[in-house]
Amino acid sequence: QVQLVESGGGLVQPGGSLRLSCTTSGGTISGLTMAWFRQAPGKNREFVATISWSGGQTASVASVRDRFTISRSDAQNTVFLQMNSLKPDDMAVYYCAAQSGKLDTWLSIRSRDYPYWGQGTQVTVSS
């Protein structure tokens, strides 16, 4: 069982930056395909970004592609989501998700493809 723990959320002004982190509790992210999703009040959970288990492949939703960067450090056992130029529309609970046992070419934007989830971290963008 993979237990994920997110951190780094908070309150930031429009145009500001935050870096979210996701690590495992009692395990390792090594070999896991990792992803970030978000869910705003009254909206469905939305794909944000994903990274293959080697870190060699990434994908992100168009609305964040030039502002957010997903990365991973297996040495630190952590996946990061660097978020720059934040907008009010980015305000949501951000969830880390993981999938194991896939080829390095496997990436998915569908939440149902990820069996492991964290509890989420709130990102608030407001002046």
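Biologist: How many bridges join β5 and strand β6, and in which sense do they pair?

Modeller: In general, two strands pair if DSSP finds at least two bridges between them. Here β5 and β6 (residues 58-60) run antiparallel, with three bridges. Strands are DSSP runs of E, at least two residues long, numbered from the N terminus. One caution: this is a predicted model, where local features need pLDDT of at least 70, side-chain atom pairs count only at pLDDT 80 or more, and totals for chains, interfaces and linings use all residues. Residues are numbered from 1 along each chain as its sequence is written, and side-chain values use heavy atoms, with hydrogens and water left out.

Biologist: Which residue of β6 stands opposite Ile51?

Modeller: That's Thr58. The two strands make a hairpin with six residues between them, and Gly55 in the turn has a positive phi of about 85°.

Biologist: What about β4 and β5, how do they pair?

Modeller: Antiparallel again: strand β4 (residues 32-39) meets β5 over five bridges. Look for Ala35, which sits opposite Thr50 in β5. This pair is a hairpin as well, with six residues between the strands, and Gly42 in its turn has a positive phi of about 80°.

Biologist: Is β5 mostly covered or uncovered?

Modeller: Buried means under 20% relative accessible area, exposed over 50%, and partly exposed in between, with a 1.4 Å probe and protein chains only. Strand β5 (residues 46-51) is mostly covered, with five of its six residues buried.

Biologist: Which residues have the most contacts inside the largest nonpolar core?

Modeller: A nonpolar core is a set of buried Ala, Val, Leu, Ile, Met, Phe, Trp, Tyr and Cys residues joined through side-chain atoms within 4.5 Å. The largest one has 28 residues, and Met34, Trp36, Leu81, Met83 and Tyr94 have the most contacts inside it. Its largest share, four residues, comes from β9. Another core, of six residues, lies apart from it and includes Phe37, Phe47, Ala97 and Trp106.

Biologist: Now Thr78: why does it count as buried?

Modeller: Because its relative accessibility is 10%. Thr78 belongs to strand β8 (residues 78-83). Contact means heavy atoms within 4.5 Å; leaving out residues up to four places away in sequence, Thr78 touches Ser21, Cys22, Thr23, Ile29, Arg72 and Ser73.

Biologist: Which backbone oxygen does the Thr78 side chain reach?

Modeller: The one of Gln76, at 2.8 Å.

Key. A polar contact is a pair of N or O atoms within 3.5 Å; within protein, one must be able to donate a hydrogen and the other to accept it, and residues adjacent in sequence count only if both atoms are side-chain atoms.
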